[in-house]
Amino acid sequence: MEEEISKYLKKLFPINRSITGHGNRETLKILSELIPLKIKEYPSGKKVFDWIIPDEWNIKDAWIKNSEGVKIVDYSKCNLHVLSYSMAVNQTMNYDELVNHLYYLENQPDAIPYRTTYYKKKWGFCLSYNDFKKYIKKDELYKVFINSSFNSNGSMTIGELVIKGKLKQEHLISTYFCHPSLANDNLSGVILTAFLSRELLKKNLNYSYRIIFIPETIGAIAYCAMNRSAMKKIDCGLVITTVGGKGKYAYKQSFRSDHYINKMIEKVFEDNKTDFITYPFDIHGSDERQYSSQGFKINVATICKDKYYEYPFYHTSFDNLNFVSAENIYKTLNLYIDLIEKMDKNLIYKNIKPNCEVMLSKYNLYPEIGGGILPTTECLSELDIILWLLYYCDGKKSLSEIADRLKINISSLYLVIKKIENKKIVKLMQ
Ligand code: ZN
């Protein structure tokens with residue numbers, strides 16, 4: 001799978017994405033080679049809660065030429081050179097006029113920063129500080145050209161895949177694909193989500209999974225507005241971002257730190273003997289900002305490898321394919337698969353024979369020779385687990401709660417509950 005991940009990294013990295021535009025459609029079309037994505041268009045100008053879906057933005061070319069006609073900044077070489085959502089411009093100007101439209105990082109002189117101007121009509125170029133010092137001279141005249149367009153009849157493109165499980169109850173998996181050529185933030189997350197979806201499609205799932213590829217912020221807001229009733233029913237989920245860097249693993253907790261999703265992530269790290277950093281919930285961050293809002297209250301957590309904000313290459317041209325590897329994305333993918341396998345087992349059962357003890361021997365669930373069983377607290381036998389399950393399964397407690405109380409792995413508990421479910425002693429709550 002690593003080779004396939006590597007192929008898609010290379011294929012998708014050069015595409016210029018933004019919150020709207022042809023690059024986004026192209027990206028989703030390529031991802032459709034992996035999974036049956038439903039591609040939806042939300043029209044520009046549509047009001048979504050307190051926001052309006054912006055006009056569709058597209059760009060063909062952009063450059064700055066010096067007075068000798070030499071291109072000193074060229075969009076065709078790197079799409080980060082243009083401020084995303086820049087207005088068109090075709091003008092000759094002096095240093096003083098130009099310099100207000102240039103963005104660079106003095107503390108990272110070789111890096112081109114990534115900057116946007118989605119909600120303010122502006123134009124601008126991003127370049128390395130070293131190039132700025134080398135090419136931008138006070139006594140020079142510059143020809144500045146951006147061939148971009150805004151379309152009020154355009155739309156914002158999103159991708160959706162709902163995988164139906166046995167239960168109608170859904171888990172949310174969300175990733176954002178609005179960044180141009182930046183690898184960790186968030187092409188790594190987009191690719192991981194696509195491969196994760198492909199793996200989930202092969203499984204016999206209990207829960208249903210709502211998997212969405214959206215532009216960050218406005219995409220999540222629009223999705224919540226357009227799918228309000230489905231989103232309001234979701235209890236928890238994942239925002240998948242920055243999963244392929246060279247640094248340490250981390251996870252950002254959902255807003256309720258005692259929610260089972262946080263405990264399960266810690267268990268995944270523990271089971272995989274992986275060190276990690278814990279970031280408590282914070283109102284800054286990615287689309288958990290929308291999902292955690294008062295209207296939706298979805299507990300969303302994130303497993304990262306080099307979390308956004310935390311690595312020096314964040315939002316610069318150094319967040320590229322030298323920084324992110326298919327190997328790291330694959331490793332993180334396995335953690336997410338492990339996590340979802342755990343989440344998917346977190347079911348609620350009800351003992352349908354609640355009056356006194358169930359006669360387990362009738363169902364071949366009791367050792368044939370009585371009198372030889374001594375209760376032990378150190379290691380629970382299958383019989384102990386059956387007895388505890390019958391005691392706890394009241395139609396309200398989840399298997400993760402019961403597993404915590406018994407201090408055993410949810411997977412062991414799941415195997416036993418399946419056995420007694422088959423004997424029709426407990427039933428799954430819908
Ligand atoms: Zn970002």
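Phe313 is partly exposed, with a relative accessible area of 27%; partly exposed lies between buried (under 20%) and exposed (over 50%), for a 1.4 Å probe and protein chains only. The model is predicted: local features require pLDDT of at least 70, side-chain atom pairs count only at pLDDT 80 or more, and totals for chains, interfaces and linings use all residues. Residues are numbered from 1 along each chain as its sequence is written, and side-chain values use heavy atoms, with hydrogens and water left out.

Phe313 sits in the loop between β16 (299-305) and α10. Helices (H or I, at least four residues) and strands (E, at least two) are DSSP runs numbered from the N terminus. Beyond residues up to four places away in sequence, Phe313 touches Gln108, Phe318, Asp319 and Phe323. Contact here means heavy atoms within 4.5 Å. Pro113 is 200 residues from Phe313 along the chain, yet their C-alpha atoms are separated by 9.1 Å.

The contacts of Ile240 are then Ile173, Ser174, Thr175, Asn186, Gly189, Leu192, Thr193, Leu196 and Tyr336. Pro14 lies 226 residues from Ile240 in sequence and 21 Å from it in space, C-alpha to C-alpha.

The protein as a whole has 13 helices and 19 strands. Of its 430 residues, 56% count as buried. Its C-alpha atoms fill a box of roughly 100 × 40 × 35 Å along the principal axes. Among contacts with a separation of 6 or more, 80% join residues 24 or more positions apart.

Helix α1 (residues 2-12) buries Ile5, Tyr8, Leu9 and Leu12. These residues lie on the same side of α1, because they cover an arc of only 105 degrees around the axis. The arc is that of the directions from the helix axis to the C-beta atoms. An α-helix has 3.6 residues a turn, so residues three or four places apart point the same way. Glu3 and Lys10 are exposed on the face of α1 turned away from its buried side. The cover over the buried residues of α1 includes α2 (22-31), α5 (183-201) and α10 (326-344).

The axes of α1 and α5 come within 10 Å and cross at roughly 135 degrees. Axes are lines fitted to C-alpha atoms, for helices over the stretch in contact, and angles run from 0 to 180 degrees between N-to-C directions. The angle makes α1 oblique to α5. Angles under 35 degrees count as roughly parallel, over 145 as roughly antiparallel, 65 to 115 as roughly perpendicular and the rest as oblique. On the α1 side, the contact is made by Glu4, Ile5, Tyr8, Leu9 and Leu12; α5 supplies Leu187, Ile191, Phe195 and Arg198. Seven of these residues are nonpolar, none polar and two charged. Ala, Val, Leu, Ile, Met, Phe, Trp, Tyr, Cys and Pro count as nonpolar, Asp, Glu, Lys and Arg as charged, and the others, Gly among them, as polar.

Helix α8 (residues 260-271) packs on α10 at about 130 degrees, with the axes 9 Å apart. The two helices are therefore oblique to each other. Their crossing is right-handed. From α8, the contact draws on Tyr260, Ile261, Met264, Ile265, Lys267, Val268, Phe269 and Asp271; from α10, on Leu335, Asp338, Leu339, Lys342 and Met343. Nine of the contact residues are nonpolar, none polar and four charged.

Helix α11 (residues 382-392) has Leu383, Asp384, Ile385, Ile386, Leu389, Leu390 and Tyr392 as its buried residues. Their cover includes β17 (348-351), β18 (394-398), α12, α13 (410-422) and β19 (426-428). The axes of α11 and α12 (residues 399-406) come within 11 Å and cross at roughly 130 degrees. α11 and α12 are therefore oblique to each other, and their crossing is right-handed. Trp388, Leu389 and Tyr392 of α11 meet Leu399, Ile402, Arg405 and Leu406 of α12. This contact comprises six nonpolar residues, no polar ones and one charged.

Terms used
A crossing is left-handed if the near helix is turned anticlockwise from the far one by less than a right angle, and right-handed if clockwise.
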